[in-house]
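Here is a short briefing for a reader meeting this structure for the first time. Look over the chain, then read on by topic.

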Amino acid sequence: MRAWKVSVAALLHTGTSAHVRWGGGFVVGFVLPSAETDMCVPDSSSGWLGSIVYLGMMVGAFFWGGMADKVGRRQCLLICMSVNGFFAFLSSFVQSYGFFLLCRTIAGFGIGGAVPIVFSYFAEVLSREKRGEHLSWLCMFWMIGEIYASAMAWAIIPHYGWSFSMGSAYQFHSWRVFVVVCALPCICSVVALTFMPESPRFYLEVGKHDEAWMILKQIHDTNMRARGQPEKVFTVNRIKTPKQIDEFVEMHTESSNAVSKVIFRVKTELYGIWLTLLKCFIYPVKDNTVKLAIVWFTLSFGYYGLSVWFPDVIKHLQADEYASKVQLHNNELTEDFTFNFTLENQIHTNGVFINDRFVNMKFKSVTFINTTFQNCYFEDVTSVGCFFRNCTFIDAFFYNTDIDDSKLINTKVTNCSFHHNKTGCQMTFDDDYSAYWVYFVNFLGTLAVLPGNIVSALLMDKIGRLSMLGFSMVLSGISCFFLWFGTSEAMMIGMLCLYNGLSISAWNSLDVVTVELYPTDRRGTGFGFCNALCKFAAVLGNLIFGSLVSITKAIPILLASSVLVGGGLVGLRLPDTRSNVLM
């Protein structure tokens, strides 16, 4: 089945994986600082974007996974990918932060269903002997998607050349271009999916034998031609007898209006999904569902929690180093001087500026305290992280600047005039090394999973899913203790690469085990439930680990280690599915 496998994997995950990275928080992390600055989001509302996308994915995973068991894998995958692509594309153009959150939530709802469906879809056309290996190769497209996102962020976001504006009311900065670029593979996948058939195993489950036979024959003929044996004839030895499917009958359709019909249909589908979920908690899959839920939760909590903690710790190290280089100016007197260059990382205290000109220049991380500005002229001034505290402005003139009340803290302004002030929040990446550095670190962290991906794919069917799952999680937990020695950026980046490389085998084997443990009639629902739990754990991990960044190292390290080791030990108690035929 080689030719069929390659076409399915390339087609489904070229678009899916790139956008799972956006909905999963990594691509969101790339645009989050720029988006919140561009839309003037206050500190009290910052961080909502990352959490709300996870919540959308959590609901989407459960809903679309359940729907895939009722109406088919291909149709649901087409719909959820279309929803994601459309609203991801739309979100790049909206200017309001509220509408942006809404678009990203709906996009997350769409892409949340892609993960459980795509694994179920692909697994159901694979032979038992190579199923684990090829599902692992499918997982590699997760890495390709993140490399694509990291590279695009690195190439696009820090550059003003990608931006344009229509007055001060509509700004289309480079981060919006990045969002559009990340939506393109998803749109391509939607087009390609229209040429793909439904899962033959799903057709057999619902009693559509003729349709299943035609698809299986197509797979057989394609593979035989690839092997140079086109004369071989497709034959079927036995066929699965479909189970009786309970159907809901809509009553009084003649008298019902369109709205009530839609509401009734939605309630019916949700009730059907709920009934299918309940089947996941009855014999013989009840114990497996509970164990899978524990493993999914612990792995996601530790992984996503540390994925937030790592970059925040690096940022704190950078901030400490930056603060150590601050220039202090006390009791200075400056008269008749023209500032036409950038002032950066400075603190001016008890200073006096008389008849000075600030023209075509920038303030970057500059604070003025108890400083007087008399007869000063400000023109074409941009300020980032600049504040005037307890200062005095006398007879000053401001033209085309962004100095406003938010930067004048307890400051007295006397006989001053402001003309053509810049509106909105100013963004700048000029000479900003840290912006490039963040994307480069993410790129390195993603590239570090390549060896683990290759090893897991080659050994998945040899040493078994459970051994790989358990030992990968245990080793990931043990590796957390090396974080004690992370006292520099280079050491933290090394720890990040080590952790990512060890944990990827756990993710791959967990995907394979989850697909193989559920029968066809509840595979999407079971996987969707586990994936929804994964997103809930991710939100919880982000909140808990994010709050501990500046407090202590001990709690995050011990917490991550304990949940990963505990989850790995539970994973070792799952049944081995290597030799199982999909039910």
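Is Pro519 buried or exposed? Pro519 is buried, because its relative accessible area is 9%, under the 20% cut-off. Keep in mind that this is a predicted model. The protein chain has 583 residues, and buried residues make up 51% of them. Its secondary structure comes to 18 helices and 16 strands.

**Overall fold**
- Of the contacts between residues at least 6 apart in sequence, 65% join residues at least 24 apart.

**Around Pro519**
- Pro519 sits in the loop between H16 and H17.
- Beyond its neighbours within four places in sequence, Pro519 is in contact with Val285 and Met583.
- Cys280 is 239 residues from Pro519 along the chain, yet their C-alpha atoms are separated by 9.6 Å.

**Helices H6 and H17**
- Two packed helices are described by the angle between their axes and the distance between the axes.
- Helix H6 covers residues 114-123, and helix H17 covers residues 523-547.
- Their axes come within 8 Å and cross at roughly 140°.
- H6 and H17 are therefore oblique to each other. Roughly antiparallel would need an angle over 145 degrees.
- H6 passes H17 in a right-handed crossing.
- On the H6 side, the contact involves Val115, Pro116, Phe119 and Ser120. They meet Arg523, Gly524, Phe527, Gly528 and Asn531 in H17.
- By class, this contact of H6 with H17 has four nonpolar, four polar and one charged residues.

**Helices H14 and H16**
- Helix H14 runs over residues 450-463, and helix H16 over residues 489-517.
- H14 and H16 pack at an angle of about 40°, with their axes 8 Å apart.
- This pair, H14 and H16, is therefore oblique too. Roughly parallel would need an angle under 35 degrees.
- The crossing of H14 and H16 is right-handed.
- H14 brings Gly452, Asn453, Ser456 and Met460 to the contact. H16 meets them with Gly501, Ile504, Ser505, Asn508, Ser509 and Val512.
- The residues of this contact of H14 with H16 divide into three nonpolar, seven polar and no charged.

**Arg73**
- Arg73 is found in helix H4, residues 73-91.
- Arg73 counts as buried because its relative accessibility is 0%.
- A polar atom of the Arg73 side chain lies 3.2 Å from the backbone oxygen of Thr520.
- Not counting residues up to four places away in sequence, Arg73 touches several others, including Ile117, Ser120, Glu124, Glu198, Arg523 and Gly524.

**Backbone points to check**
- Most residues other than glycine have a negative phi, and most peptide bonds are trans.
- The peptide bond from Tyr283 to Pro284 is cis, with omega near 10°.
- Pro284 lies in the loop between helix H11 (258-279) and helix H12 (286-324).
- Asn331 has a positive phi, near 55°. Asn331 lies in the loop between strand S3 (327-330) and strand S4 (333-335).
- Asn331 is exposed, with a relative accessible area of 60%.
- His420 also has a positive phi, near 50°. His420 has its place in the loop between strand S16 (417-419) and helix H13 (433-447).
- His420 counts as exposed, at 59% relative accessibility.

Note on methods. Residues are numbered from 1 along each chain as its sequence is written. This is a predicted model: local features need pLDDT of at least 70, side-chain atom pairs count only at pLDDT 80 or more; totals for chains, interfaces and linings use all residues. Side-chain values use heavy atoms; hydrogens and water are left out. Axes are lines fitted to C-alpha atoms, for helices over the stretch in contact, and angles run from 0 to 180 degrees between N-to-C directions. Helices (H or I, at least four residues) and strands (E, at least two) are DSSP runs, numbered from the N terminus. Angles under 35 degrees count as roughly parallel, over 145 as roughly antiparallel, 65 to 115 as roughly perpendicular and the rest as oblique. A crossing is left-handed if the near helix is turned anticlockwise from the far one by less than a right angle, and right-handed if clockwise. Contact means heavy atoms within 4.5 Å. Ala, Val, Leu, Ile, Met, Phe, Trp, Tyr, Cys and Pro count as nonpolar, Asp, Glu, Lys and Arg as charged, and the others, Gly among them, as polar. Buried means under 20% relative accessible area, exposed over 50%, partly exposed in between (1.4 Å probe, protein chains only). A polar contact is a pair of N or O atoms within 3.5 Å; within protein, one must be able to donate a hydrogen and the other to accept it, and residues adjacent in sequence count only if both atoms are side-chain atoms.
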